[in-house]
6 protein chains.
Amino acid sequence: MPSVKLIEYAESSPEVRAVYDDIMATRKIDWINNFWKALAHQPSALRRIWQNVKEVMAPGALDPLTKEMVYLAVSATNGCAYCIASHTASARKAGMSDAQLAELMAVVGLANETNRLANGYQIEIDERFKPKF
Amino acid sequence: MPSVKLIEYAESSPEVRAVYDDIMATRKIDWINNFWKALAHQPSALRRIWQNVKEVMAPGALDPLTKEMVYLAVSATNGCAYCIASHTASARKAGMSDAQLAELMAVVGLANETNRLANGYQIEIDERFKPKF
Amino acid sequence: MPSVKLIEYAESSPEVRAVYDDIMATRKIDWINNFWKALAHQPSALRRIWQNVKEVMAPGALDPLTKEMVYLAVSATNGCAYCIASHTASARKAGMSDAQLAELMAVVGLANETNRLANGYQIEIDERFKPKF
Amino acid sequence: MPSVKLIEYAESSPEVRAVYDDIMATRKIDWINNFWKALAHQPSALRRIWQNVKEVMAPGALDPLTKEMVYLAVSATNGCAYCIASHTASARKAGMSDAQLAELMAVVGLANETNRLANGYQIEIDERFKPKF
Amino acid sequence: MPSVKLIEYAESSPEVRAVYDDIMATRKIDWINNFWKALAHQPSALRRIWQNVKEVMAPGALDPLTKEMVYLAVSATNGCAYCIASHTASARKAGMSDAQLAELMAVVGLANETNRLANGYQIEIDERFKPKF
Amino acid sequence: MPSVKLIEYAESSPEVRAVYDDIMATRKIDWINNFWKALAHQPSALRRIWQNVKEVMAPGALDPLTKEMVYLAVSATNGCAYCIASHTASARKAGMSDAQLAELMAVVGLANETNRLANGYQIEIDERFKPKF
């Protein structure tokens, strides 16, 4: 059960509805997922987080599929069930194949493994890895 | 200080040296970084982890730069200083631009933020996000 | 399903019952939640953890609501569903408003984001942030 | 060593300088810490993150000291050294006493402990903890 | 719902079936758990991960029960529900008693608590803790 | 730099000194490490945490070496540098061999990897893994 009442479109204030409309228009969809309905209990947070998502996930130096896969990699690392489900769906929609998902998960698993080996053995950073400017 | 003595190339056993040689040949470099020198205190672990890295990071359905950026995203999420340093270097070598690094970090930061919002508000997974087979 | 059998009040040993009674008296409630019923399979652990909770969560330099909100902030960061549910309930009981919950989650989300930006960019600690004694 | 060149005030573009000026004016200080100097390599990210920090950390339903302590609680949970150092300094500046720091850390430690006990024992959420609307 | 279709034994390819057969023979069981059925959508990943598990979890300098308990300790720390359930079952099968489970969880909880106290207070490593070689 | 002034033995109050004396007597050592010197700025927290450590780490259903290795496994998973250094030292003192350290790290790495595969693929818990009572 969510910690706050979900705000449905039909009962939303003009301020919330404006954000919902922008989410649906930007994503070319006709529904709002639960994440936004929970944030809507504080309209300023809803607007702020949506603006961040819209700006960060827009195509740029990285393409949308790469961004969705990075999002999924982080969510799998943190074990956020909601985020894994929603960003697996987004990545699929952006074109992620079964083979890409498998390789993504393989890299995520491996990085999580070697992160602990490097920390656990107290390994010091090689001089050659330090950036020069 | 590392937890175990680092095994330098000059003092390595034939079993360790074979792995070191394969690392340098595969990566087209002439040095071994500290991570492998620590693992080498148990040659079977050195060989096993290297085989995993070699297989997982090879080009496939995802290109090498994407894989390095996912590795860096996971390492930043976990806060592994060694891994962040080494995989920032690898990603740079694979061609990561300043703009790509900036967008990668923006997605990593945003995903870590929304992961906690989704968990913190106890948001339930929308039916539409559940895969059908 | 819990990993161990939950110990109900009616079937509890005198040692466990004494802790259950103290929990209910301290909190002015008439029931025991599942967390304690699981710990009770080892009475010494039940008593030890309860003594810690009782001491740490008592009013002091920080008021009870602030402590509950910090508890919730940590639980949301770690993604512990049980702890998020129980400490959202506790914080609500201690007076947390919808607006306070929204601002708490906003800070938790932001801190999780900037933690990764600081780590991901390998930013060094400014001299001015180092305490002087 | 940071992953990108830090942008000093003297060498900053007008867009970056405007954000730096706003940071110093808002915080009533005369210097910029390394975090912002690293973000500045991508001015749009610098502006976006600063706007988020400014909006989220402003006084509201929670006072500034409480917000700084929550930020520190999250940073200690994640083990972000930079963030712990900078937000300990901020919380001190906002008035955190030694006794408040000690109680904050006690709650953070306890929450991290019980989070793992609840997860480790696979404890199910009590019906009474589920919100009703 | 899993992100990929689970591959049942009856419908598996010869390559997948060979791994399934080895899992069942090695573990002396007659069924395959969901983890492997999901990995099987990419047979090379299934084989690689299974080879790692088989090699790492074999008796050696640490006995199988100790290894299962360490696995459970890590899984409880990360909050991976699937892994906690499966490795609690494995540890039970390897002989873990209720008393051992209770002490294991007590250590896991305590370590998670003191990890945050050490980080939160920015405590520096004592010279005496640094290994000498 | 630690967040609070470290309390040295020579300058400690009788209450703090009593805990320091008990730590040294219990561990059969003649010095106090930084962790306790930081906690000592709040004597009640020092005493409480030490009592927990003393009780939890005492020999019981698990032997001291196993407990130290579990502590190290958790600390490596969380990336707590201070705790990794101090508990590697403790585990060495309790008899941990190079081979045991290597196998411990191998299990820790593997568990961290498979934790993310299980979460990332949204794998559901098999009925057979659910405990029956």
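Q: In what order do the elements of chain A run from the N terminus on?
A: From the N terminus on, chain A reads α-α-α-α-α-α. Keep in mind that this is a predicted model.

Q: How many helices and how many strands make up the secondary structure of chain A?
A: Chain A has six helices and zero strands.

Q: Is chain A a compact globule or more spread out?
A: Compare the radius of gyration with the globule rule. For 133 residues the rule gives 14 Å, and chain A comes to 19 Å, well over that value, so chain A is more spread out than a compact globule. Along the principal axes, the C-alpha atoms of chain A fill roughly 55 × 40 × 30 Å.

Q: What percentage of the residues of chain A count as buried?
A: Burial is a neighbour count: a residue is buried if 20 or more other C-beta atoms lie within 10 Å of its own. In chain A, 54% of the 133 residues count as buried.

Q: What share of the contacts in chain A joins residues 24 or more positions apart?
A: Look at contacts with a separation of 6 or more. Of these in chain A, 55% come from residues 24 or more positions apart.

Q: Which rotation superposes chain B on chain A?
A: The rotation is 180°, with 0.0 Å of shift along its axis and an RMSD of 0.0 Å. The two copies are thus related as by a two-fold rotation axis. Both copies use the same surface: 100% of the contact residues of chain B recur in chain A.

Q: How many residues does the contact take from chain C and from chain B?
A: The contact takes 18 residues from chain C and 18 residues from chain B. On the side of chain C that touches chain B, α4 (64–78), α5 (81–93) and α6 (98–120) of chain C each supply at least two residues. Here α6(C) gives the most, with 11 residues. By class, this side of chain C has eight nonpolar, eight polar and two charged residues.

Methods
Residues numbered from 1 in each chain as written. Chains lettered and ligands numbered in written order. Predicted model: local features only at pLDDT ≥ 70, side-chain atom pairs only at ≥ 80, totals over all residues. Contact = placed C-beta atoms within 7 Å. Helix = DSSP H or I, 4+ residues; strand = E, 2+ residues; numbered from the N terminus. Nonpolar A, V, L, I, M, F, W, Y, C, P; charged D, E, K, R; others polar. Least-squares fit on C-alpha atoms with pLDDT ≥ 70 in both. Rg over C-alpha atoms; globule rule 2.2 N^0.38 Å. Buried ≥ 20, exposed ≤ 12 C-beta atoms within 10 Å, placed from the backbone.
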